[in-house]
Structure formats: C-alpha cells, structure tokens
Amino acid sequence: MIDIINGFKLWRLALSLGWFDIKLRYKGSALGPLWITSTSAAMTATMGVIYSSLFKMDIHEYLPFVALSTVLWGQGIALTLSDACQCFLQANDTIHSIKLPFFLQALRTIFRNIIILCLNLIIPIIVFIVFKIHVGWNALLVIPGFILWFFNGLAICLLLGCICARYRDIPQIINSFIQIIFYITPIIWLPHQLKHHMSYLVFNPLYPLIEVVRGPLLNNGFNSTIWMYALGYSMIIWLASAYVFIRARGRLAFWI
C-alpha cells in the first residue's frame with residue numbers, strides 16, 4: 001500500500017516518463033504517434049465498407065460503431081494488456097539504478113496508453129461528425145467508465161507485470177489470448193446480431209468493461225446490468241492484482 005501511495009505522489013514524473021516513451025519510440029518519425037492514428041483510420045474505413053456489406057448492415061449504423069470499437073479495443077484494452085506484460089521488464093534499468101516505487105511504472109504505462117488512446121479518438125469523432133451522430137448528455141456517463149478503465153489498467157499492469165517478470169512465456173500467451181478474444185467480443189460485429197443469445201455476452205469479461213465506455217457514446221444510456229458485471233469483474237482484477245503484487249514486490253528487482 002505504501003508503494004502505491006508513493007507512486008501516486010509521483011504522478012507528474014510518471015506522466016513525463018510516459019510522454020518521453022512515446023517521443024523515444026517515434027524518434028526521427030515525421031508523424032510520430034499519428035502513424036497509429038492513420039493506420040487505424042485506414043483499417044476502420046476498410047472494415048466499415050467491407051463488413052457492412054458482408055453483414056448487410058446500414059453503414060450509417062455500422063461504421064460509427066466499428067470506428068469507436070476498434071479504437072477502444074486496439075488502443076485501449078489490447079494495448080494495455082500487451083504493455084502490462086512489459087511494465088517492469090522495460091523499466092529494468094531504472095528499477096536497478098534508482099529507488100522508486102514499483103507502482104510508478106504502472107502509472108507510466110497507463111499514462112502512455114492514455115495519450116495514445118486520446119490521439120486515436122480523433123477517428124470516431126470525425127466519423128460521428130460526418131454521419132451527424134449527436135451523442136447528447138449520455139456522453140457524460142463515459143466519465144465513470146474511463147475512471148474504471150484507469151484503475152483497472154493500473155491493476156492489470158501490477159498483475160501481469162509481476163507474473164510476466166517471473167514467467168517470460170506469459171506475454172506470448174497473452175498476445176494469443178488477445179487475438180482470440182477479439183473475435184468473440186462485439187468489436188467488428190454488433191451485439192444484437194446474436195439475437196436471443198445476446199444475454200450470454202456478459203460472461204465475456206471484456207464485453208461489459210468495453211461497454212461502460214462505448215455504450216454512452218452510442219446513445220445506449222445507463223445499463224445497470226452491464227455496470228454490475230463490469231464492477232464485479234473489476235473487483236476480481238483488483239483483488240488478484242493486490243495479492244500478486246504484495247507477494248511479488250520484494251522479489252521483482254531480482255526477476256528482471
């Protein structure tokens with residue numbers, strides 16, 4: 001707990017390190033992180049046209065959905081899961097040379113991903129403007145959704161960061177899991193396409209977690225069932241993260 005409190009006190013340093021990571025990653029590039037945005041835009045446009053025809057969907061309904069979903073998935077959930085595996089491994093030089101809270105590295109990872117996510121949210125915003133989609137006051141419900149994402153992201157960084165520091169094969173398993181779960185989560189297909197099987201979606205932990213952010217932006221309003229499952233899965237993540245971090249903290253420096 002002391003490590004976490006001290007880490008939060010250094011949030012400005014974590015933000016600066018996260019921004020420095022992005023600058024370093026795209027050093028010498030003309031567009032920098034906007035390359036991710038341009039790639040996501042091209043993929044969204046292609047998927048929107050092709051899959052709306054395959055699924056026989058109205059492109060005015062499908063393209064805004066897939067534009068928002070792919071960004072929230074790719075630069076939100078998938079990126080966080082992938083980077084969480086390297087949370088402590090990538091900072092091994094810093095950890096070995098400077099005495100800082102381990103939690104700082106989790107904050108650093110999440111702040112870096114928040115910046116990348118914000119840059120890519122330009123894509124669905126443009127799509128919403130082009131198709132004249134008015135979000136309304138429901139958009140305010142996205143705030144608690146993003147807060148939940150923030151704390152879940154920190155927990156995932158501590159959980160996977162510790163496990164992957166000890167077992168180096170886990171990142172490969174996580175990357176395979178991300179590819180599989182992508183197809184069984186409504187990202188490129190709409191939930192109502194499952195028809196009477198739609199109620200089973202809540203048993204996919206990533207569906208309620210993405211829906212608490214996506215739903216308000218698509219004018220779906222507040223769904224108490226979705227939030228109940230999202231909070232339930234979040235509690236499991238937080239408890240697992242706390243248990244693993246407490247057990248592993250004293251040995252992390254030796255594992256990396």
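## Helix packing and salt bridges

The axes of helices α4 and α10 come within 11 Å and cross at roughly 130 degrees. This is a predicted model: local features need pLDDT of at least 70, side-chain atom pairs count only at pLDDT 80 or more, and totals for chains, interfaces and linings use all residues. Residues are numbered from 1 along each chain as its sequence is written, and side-chain values use heavy atoms, with hydrogens and water left out.

Some terms come up at once. Helices are DSSP runs (H or I, at least four residues), numbered from the N terminus. An axis is a line fitted to C-alpha atoms, for helices over the stretch in contact, and angles run from 0 to 180 degrees between N-to-C directions.

### α4 against α10

Helix α4 covers residues 59-85. Helix α10 covers residues 206-217. The two are oblique to each other. Angles under 35 degrees count as roughly parallel, over 145 as roughly antiparallel, 65 to 115 as roughly perpendicular and the rest as oblique. The crossing of α4 and α10 is right-handed. A crossing is right-handed if the near helix is turned clockwise from the far one by less than a right angle, and left-handed if anticlockwise.

Which residues of α4 and α10 make the contact? From α4 come Phe65, Leu68, Ser69, Leu72, Trp73 and Ile77. From α10 come Leu206, Ile210, Val213, Arg214 and Leu217. Contact means heavy atoms within 4.5 Å. By class, the contact of α4 with α10 has nine nonpolar, one polar and one charged residues. Here Ala, Val, Leu, Ile, Met, Phe, Trp, Tyr, Cys and Pro count as nonpolar, Asp, Glu, Lys and Arg as charged, and the others, Gly among them, as polar.

### α2 against α6

Helix α2 (residues 11-25) packs on helix α6 (residues 103-120) at an angle of about 55 degrees, and their axes are 8 Å apart. That angle makes α2 oblique to α6. Their crossing is right-handed. On the α2 side, the contact residues include Trp11, Leu15, Trp19, Asp21 and Arg25. On the α6 side, they include Leu104, Arg108, Phe111 and Arg112. The contact of α2 with α6 has twelve nonpolar, one polar and four charged residues.

### Salt bridges

How many salt bridges does the structure hold? It holds five. A salt bridge is a side-chain nitrogen of Lys or Arg within 4 Å of a carboxyl oxygen of Asp or Glu. Three of them are listed here.

| Salt bridge | Closest N and O atoms |
|---|---|
| Asp21 with Arg108 | 2.8 Å |
| Asp83 with Arg112 | 3.4 Å |
| Glu211 with Arg214 | 2.7 Å |

Take Asp21 and Arg108. Asp21 lies in α2 and Arg108 in α6, so the pair ties together parts that are 87 residues apart in sequence. Are these two residues buried or exposed? Asp21 counts as buried at 12% relative accessibility, and Arg108 counts as buried at 13%. Buried means under 20% relative accessible area, exposed over 50%, and partly exposed in between (1.4 Å probe, protein chains only).

The pair Asp83 and Arg112 also links distant parts of the chain. Asp83 is in α4 and Arg112 in α6, 29 residues apart. Both are buried. The relative accessible area of Arg112 is 3%. Not counting residues up to four places away in sequence, Arg112 touches Gly18, Asp21, Ile22, Arg25, Asp83 and Gln90. Asp21, Asp83, Arg108 and Arg112 are linked in a network of salt bridges.

Glu211 is buried, and so is Arg214.

### Two more residues

Trp227 is in helix α11 (residues 224-248). Trp227 is buried, with a relative accessible area of 15%. Trp227 and Glu211 are 16 residues apart in sequence and 8.7 Å apart in space, C-alpha to C-alpha. Leaving aside neighbours within four places in sequence, Trp227 is in contact with Pro144, Gly145, Leu148, Val212 and Phe222.

Ile170 lies in helix α9 (residues 170-184). Ile170 is partly exposed, with a relative accessible area of 22%. Leaving aside neighbours within four places in sequence, Ile170 is in contact with Ile163 and Cys164. The C-alpha atoms of Ile170 and Met43 are separated by 28 Å, and the two residues are 127 residues apart along the chain.
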